[in-house]
Amino acid sequence: MPPGKARKILKGIGVTPGIAIGKAYQVDRNRVAVVYHHLPAAQTEQEVRRFAAAVDKAEIDLQEIKSGMAGEFPEHVYILDSHLHILRDRMLYDETIRFIREHKVNAEWAVKQALENAHRLFARIEDEYIRSRISDVDYVAGMVLGNLTGQKAQSVAGIKERVIIVAHDLSPADTMQLQVERTLGFVTDMGGKTSHTAIIARSLDIPAVVGLEAITREVRSGELMVVDGTTGTVIIDPDEELLNYYYERQYQVEAYRKELTRCAALPAETEDGFSIRIQANIELLEEVVAVLDNGAEGIGLYRTEYLYLNRQDLPDEDTLFWDYREVAEIVYPEAVTIRTLDLGAEKLLTGLQRGNQTNPALGLRAIRLCLQENRLFRTQLRAILRVSAVTDNVRLMFPMISGLGELRAAKDLLAEVRQSLQEEGIRFSNPLPVGIMIEVPSAVAVADLLAREVDFFSIGTNDLVQYALAIDRVNEHVAHLYEPLHPAILRMIKQVTDAGHRAGIPVSLCGEMAGEPLYAPILLGFELDSLSMNALAVPRVKQVIRNANLEECKTYLRQALNLSTAEQINAYLREIAWQRFREDFEFFPAELGKHLDVDFIC
């Protein structure tokens with residue numbers, strides 16, 4: 001419990017661990033006020049041309065930023081490419097022109113309407129990563145509106161002092177123009193853990209908190225701030241006592257992080273010799289650097305959806321092949337598990353429009369979509385098989401398999417693709433390890449049957465929790481019921497792990513649960529073969545494992561399985577963490593429910 005007071009404390013989403021202390025620097029993005037104008041019919045085509053010119057100007061500006069950044073941040077240039085795609089995407093470009101022509105309105109108003117439509121579309125998307133891409137659309141639309149109105153956004157490139165940047169939102173282009181040596185940290189109203197801005201912040205290792213909602217209204221430039229990127233806490237105008245506490249804490253956390261980094265490459269082996277592989281989840285090729293830097297032993301889950309987003313058409317086989325090949329070659333000789341497409345049939349997939357689905361999470365998505373869209377699936381399978389001939393570290397994984405029928409249909413199609421490649425004289429690895437994600441209750445129930453027909457299991461706890469507990473993670477009315485430690489979930493993990501091991505296949509766990517240091521002791525108790533998580537979580541989870549004892553962890557798991565509620569299990573784990581792993585958790589009190597107790601003056 002830190003001593004002292006502050007004018008204000010805000011909680012957001014911590015996206016980069018670490019503590020920053022310094023003066024605030026408000027970046028006024030000067031969001032454009034859009035006014036409605038009805039136009040005479042004769043002026044609509046002129047307005048369309050004015051809009052097109054604004055898009056052309058934005059395109060030139062993005063190309064200039066891209067050219068300037070290519071040398072310093074080559075791994076992030078793809079983000080600017082995605083913005084260039086969005087500029088001409090029908091969701092923004094065609095819709096704006098349609099509004100101008102059909103409603104005879106000014107271009108600014110039409111852009112605003114197209115943007116609101118895009119927000120409604122993205123809000124229906126379940127996947128957090130894809131949903132968060134709306135920030136990219138916002139940024140691109142803001143550039144076009146700025147060109148239409150002549151209002152230019154403030155640049156972050158000209159900051160002359162070491163500050164904490166405060167903004168409503170920072171675009172990836174903004175983030176790439178940050179002067180790292182002068183940026184102590186940054187905080188934003190908007191954003192989530194998987195936003196592009198968050199990804200870049202992590203790669204730059206700048207303490208950052210996003211999703212604060214009102215930070216731009218709460219702090220003034222020059223005001224002293226503390227940013228705790230680990231807990232997502234932002235403290236405004238702390239008194240001397242509280243400030244001294246955070247200086248000391250900053251020193252301790254940095255020392256601990258350096259120790260974690262120093263040990264990151266060590267194997268995850270318990271005190272009594274049990275080894276478990278710690279791998280990383282990635283969504284973008286550019287995240288592979290963080291995988292290696294944080295000591296992950298390969299990639300346990302490569303989500304392959306990004307290449308299908310924000311495009312005028314579907315990616316071709318060569319595009320997929322080169323992306324997968326680059327990932328596989330970088331992590332070689334460690335394994336990379338490529339999960340086939342796990343998107344729904346929303347409008348993001350140009351050419352696959354199926355209209356709105358009432359319950360997209362229960363609708364045409366993942367393996368169901370792929371089995372129905374044969375051409376799409378074959379293209380991806382061909383690309384993965386071709387990569388398997390280049391490196392021998394590739395594994396293929398089907399998502400959301402609900403039973404034997406779907407699994408066999410997917411394997412049949414894979415066999416057809418193999419046959420096709422063979423007839424064309426194209427090499428591929430045979431056999432290629434093929435596994436499935438266990439993420440729906442029906443798959444848990446028949447795990448023993450599925451285990452006979454695959455090479456590995458990976459338990460996807462994010463979806464498994466949602467489907468098992470009937471909780472929509474994005475519904476604010478029930479999101480609090482999303483409980484990974486629910487007794488039903490723990491029993492399902494045990495059932496799947498036991499079924500896999502009885503069949504002699506390895507079992508991994510790759511949901512968010514895997515990266516929670518608090519959960520590591522009972523996950524060890526399951527005797528899983530590997531855990532796959534956000535790369536940044538790897539060093540801490542490894543550290544907890546190295547300080548653990550398998551036999552003790554089996555006891556923790558047995559005790560947890562005898563408890564009745566998620567609350568009881570959570571409290572039990574926190575007590576274990578504090579009593580048995582205090583050195584690993586003392587710098588992260590929020591994880592143990594030991595929240596800061598600081599007076600709020602505002």
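Reader: In which sense do strand β3 and β7 pair, and over how many bridges?

Author: In this predicted model, strand β3 (residues 19-27) and β7 pair in the antiparallel sense over five bridges. Two strands pair if DSSP finds at least two bridges between them, and strands are DSSP runs of E of at least two residues, numbered from the N terminus. Within this pairing, I19 stands opposite D228 in β7. Residues are numbered from 1 along each chain as its sequence is written, local features need pLDDT of at least 70, and side-chain atom pairs count only at pLDDT 80 or more.

Reader: What makes strand β7 mostly covered?

Author: Four of the five residues of β7 (residues 224-228) are buried, that is, under 20% relative accessible area with a 1.4 Å probe, protein chains only.

Reader: Which residue stands opposite V226 in β8?

Author: V226 stands opposite I235. β7 and strand β8 (residues 233-238) pair in the antiparallel sense over four bridges. Their hairpin has four residues between the strands, and G232 takes a positive phi near 75° there.

Reader: Why are α12 and α14 called oblique to each other?

Author: The axes of helix α12 (residues 317-331) and helix α14 (residues 374-390) cross at roughly 40° and come within 8 Å. Angles under 35 degrees count as roughly parallel, over 145 as roughly antiparallel, 65 to 115 as roughly perpendicular and the rest as oblique. The two helices are therefore oblique.

Reader: Which residues of α12 and α14 make the contact?

Author: With contact meaning heavy atoms within 4.5 Å, the residues include L320 and F321 of α12 and I384 and V387 of α14.

Note on methods. Heavy atoms only, no water. Buried < 20%, exposed > 50% of the residue type's maximum accessible area, 1.4 Å probe, protein only. Axes fitted to C-alpha atoms, helices over the stretch in contact; angles between N-to-C directions.
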